[in-house]
Amino acid sequence: EAPESPAALEACARVAYCIATSSALVVRDPRVPAHLNGTFLDLLESYFAQDPQVLKEDERPEAHYQVGITPAFTETPAC
C-alpha cells in the first residue's frame, strides 16, 4: 500500500495517538508463530533477572539509554 494512501495515513495517526496517550505500542506480526511470544518473554525475564552489576554493563548513557538498560529513576514522566 502506498505510504500516502488514506489507509496508511489513518494507520499512522492511530499509531501516533497510541504512543502519545500511553507511551506504548503493541505490534502483532502474523508471520510470527504464537509460541515464540512465550520464548521471547522468557528471554526478557531471564535478562532482567540478572545481577544488577551485570545489567549495569549494558547501560548506554552516550546513546541516551535508547539501547541497553535504563537505570531506575533515570526517566521521568512528562506529566
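The structure holds three salt bridges. Here a salt bridge is a side-chain nitrogen of Lys or Arg within 4 Å of a carboxyl oxygen of Asp or Glu. This is a predicted model: local features need pLDDT of at least 70, side-chain atom pairs count only at pLDDT 80 or more, and totals for chains, interfaces and linings use all residues. Residues are numbered from 1 along each chain as its sequence is written, and side-chain values use heavy atoms, leaving out hydrogens and water.

**View A. The chain overall.** The secondary structure comes to three helices and zero strands. From the N terminus on, the elements run α-α-α. Helices (H or I, at least four residues) and strands (E, at least two) are DSSP runs, numbered from the N terminus. The chain has a radius of gyration of 17 Å, whereas a compact globule of 79 residues would have one near 12 Å. That radius is taken over C-alpha atoms, and the globule rule is 2.2 Å times the number of residues to the power 0.38. Along the principal axes, the C-alpha atoms fill a box of roughly 50 × 35 × 20 Å.

View B. The accessible surface of the chain comes to about 7100 Å². Carbon and sulfur atoms account for 62% of that surface. Areas come from the Shrake-Rupley method with a 1.4 Å probe; for residues, only the protein chains shown count as cover. Buried residues make up 6% of the 79 residues. Buried means under 20% relative accessible area, exposed over 50%, and partly exposed in between (1.4 Å probe, protein chains only). The chain has 5 positive and 12 negative side chains. The centres of the two sets lie 4 Å apart. Lys and Arg count as positive, Asp and Glu as negative; His and the chain ends are not counted. The place of a charge is NZ of Lys, CZ of Arg, CG of Asp or CD of Glu.

**View C. The salt bridge of R14 and E10 in helix α1.** The closest N and O atoms of R14 and E10 are 3.9 Å apart. Both residues lie in helix α1 (residues 6–22). They are four residues apart, about one turn of the helix. E10 is partly exposed because its relative accessibility is 42%.

**View D. The salt bridge of D29 and R31.** The N to O distance between these side chains is 2.5 Å. D29 counts as partly exposed, at 29% relative accessibility. R31 counts as exposed, at 70%.

**View E. The salt bridge of E59 and K56.** These side chains meet at 3.3 Å, N to O. K56 has 43% relative accessibility, so K56 counts as partly exposed.

**View F. A nonpolar surface patch.** F40, L41, L43, L44 and F48 form the patch, with about 480 Å² of accessible area together. Patches are made of residues with over 30% relative accessible area and no salt bridge: like charges are joined within 9 Å, nonpolar side chains (Val, Leu, Ile, Met, Phe, Trp, Tyr) within 5 Å. F40 lies in helix α2 (residues 35–48). F40 is partly exposed, with a relative accessible area of 46%.

**View G. V26 and A78, two exposed residues outside the helices**. V26 is found in the loop between α1 and α2. V26 counts as exposed, at 66% relative accessibility. A78 sits in the segment after α3 (52–56). A78 counts as exposed, at 89%. A78 and L55 are 23 residues apart in sequence and 26 Å apart in space, C-alpha to C-alpha.
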